[in-house]
Amino acid sequence: MARKVVSRKDKRAEIEAAEAAEAADTTKKKKKKATKRKSRAKAAKEVRLKAFWGVFNQSLRRVALYEFNQKKEAEKKAKELSASGKSPHFVQPVKEAIEEA
């Protein structure tokens with residue numbers, strides 16, 4: 001079976017005719033597509049934290065809370081509670097969110 005030989009000149013003429021027809025269509029029907037606006041993500045509200053010293057018992061329950069500059073008082077309270085009670089108490093830093101008025 002013999003194949004049909006395709007002329008390159010004929011193929012090129014077809015392609016050029018198609019391109020010309022397409023170009024004529026685009027000039028007549030030139031409409032801009034409506035672009036969707038991207039929604040702006042809301043900036044996350046910054047939560048301000050304040051540091052405290054917390055006195056905790058063995059089951060991680062907070063017993064007392066002291067300002068950050070009162071670490072000695074917090075350690076003193078932990079020693080008193082450890083000596084008087086059965087379970088040991090310890091001091092650990094705590095960060096809590098502060099609300100601005």
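Trp53 has a relative accessibility of 11% and therefore counts as buried (buried means under 20% relative accessible area, exposed over 50%, partly exposed in between, with a 1.4 Å probe and protein chains only). The model is predicted, with local features requiring pLDDT of at least 70 and side-chain atom pairs pLDDT 80 or more, whereas totals for chains, interfaces and linings use all residues. Residues are numbered from 1 along each chain as its sequence is written, and side-chain values use heavy atoms, without hydrogens and water.

Two aromatic pairs are found in a search of the whole structure (rings of Phe, Tyr and Trp, the last by its six-membered ring, pair if their centres lie within 6.5 Å; planes under 30 degrees apart count as stacked, over 60 as edge-to-face and the rest as tilted). The ring centres of Trp53 and Phe68 are 5.1 Å apart with planes at 10 degrees, so this pair is stacked. Phe68 is partly exposed, at 45% relative accessibility. The stacked pair of Phe56 and Phe90 has 5.8 Å centre to centre and 20 degrees between the planes, and links strand 1 to strand 3 (residues 90-97) across 34 residues. Phe56 is buried at 12% relative accessible area, whereas Phe90 is partly exposed at 29%.

Along the sequence, the protein chain follows the pattern α-β-β-α-β, and 13% of its 101 residues count as buried.

Definitions and conventions. Helices (H or I, at least four residues) and strands (E, at least two) are DSSP runs, numbered from the N terminus.
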